[in-house]
Amino acid sequence: MDNISEQRACIKFCFKIGKNAKECFELIKLAFGDIALSRCVTFDWFKRFKEGRISIEDDHRPGRPSTSKTNDIISLVRDKIRSDRRLTVREVANEVGISIGTCHSILSDELGMKRVSAKLVPKLLTEEQMEHRIEVCLDLKNRVSNDPSFIKSIITGDETWVYGYDPETKVQSSQWKTANSPRPKKCFHYEFAPTGQTINQVFYKQVLERLREEVRRKRPEAWKSKSWFLHHESRQCTGAFCTFRT
């Protein structure tokens, strides 16, 4: 039994034991992960079994059988996307040797993927760092309770090692993700330190000056009212006297 037929059998089993379509889809995702059928396909097959369908196989179709949506093709498309999530539908279709429509159908219906813009840069925190962030979050929560508009005045900052990629357009920066993937986010302002540059108080002061200009340009209301705050990790350069003056 191939993977798709196996999932259809699971959908049929869920229907037989009294699960609804939503519960069935959640169990399919839990069991099969990234290769699970999409919500649309799962609900469609659940409806078929509810209406009395018995077979889990595809209906017989007249004419020449399609060879562009086989399990091997679907696996090949999945491997292409996993190797480079910025590939376009046209690029994947050309590499695999299928039509653009079939490729898009495999990505959205069979693999449950969609294309989203921006990038997510994950970062692992130590126990101490996580505890500190909990304390900060609780403090911010208390301040927001007293002043609901306070959270809108905060601009957070951090520094980390990232993979440098400078896309020319929003479309070039988009990438494929499944329903379980985290939502990519964008930065308000970012800079890449030059090779060999030490992050000291002088350099950080220059960054703050450029950030201040970005706030003036992108958030004119906060700039005029002087009601915005910079939330940044505690480092030597952030606590220097010249930094506070900035």
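**Overview**

Residues 24 or more positions apart account for 68% of the contacts in the protein with a separation of 6 or more, where contact means heavy atoms within 4.5 Å. This is a predicted model, in which local features need pLDDT of at least 70 and side-chain atom pairs count only at pLDDT 80 or more, while totals for chains, interfaces and linings use all residues. Residues are numbered from 1 along each chain as its sequence is written, and side-chain values use heavy atoms, with hydrogens and water left out.

The protein has eleven helices and four strands; these are DSSP runs numbered from the N terminus, helices being H or I with at least four residues and strands E with at least two. Of its 246 residues, 28% count as buried. Buried means under 20% relative accessible area, exposed over 50%, and partly exposed in between, with a 1.4 Å probe and protein chains only. The protein exposes about 17,400 Å², and carbon and sulfur atoms supply 53% of that; the areas come from the Shrake-Rupley method with a 1.4 Å probe, and for residues only the protein chains shown count as cover.

Now to helix α6, residues 100-110. Its buried residues are T102, C103, S105, I106, L107 and E110. The cover over them includes helices α1 (3-16), α4 (71-83) and α5 (89-96), along with strands β1 (113-116) and β3 (175-178).

Why does E110 count as buried? Because its relative accessibility is 15%. Leaving aside neighbours within four places in sequence, E110 is in contact with I4, A36, L37, K69, I74 and S105. Just after α6, G112 takes a positive phi of about 65 degrees.

The second residue is F203, in helix α9, residues 201-218. F203 counts as buried because its relative accessibility is 11%. Not counting residues up to four places away in sequence, F203 touches A193, P194, Q197, T198 and R210. From F203 to A193 is ten residues in sequence and 9.1 Å in space, C-alpha to C-alpha.

Last, the surface. Which residues gather in a patch of negative charge? They are E127, E128, E131 and E135, and E131 lies in helix α7, residues 127-146. Patches are made of residues with over 30% relative accessible area and no salt bridge, like charges being joined within 9 Å. A salt bridge is a side-chain nitrogen of Lys or Arg within 4 Å of a carboxyl oxygen of Asp or Glu. Asp and Glu count as negative, and the place of a Glu charge is taken as CD.

Notes
Patches are made of residues with over 30% relative accessible area and no salt bridge: like charges are joined within 9 Å, nonpolar side chains (Val, Leu, Ile, Met, Phe, Trp, Tyr) within 5 Å.
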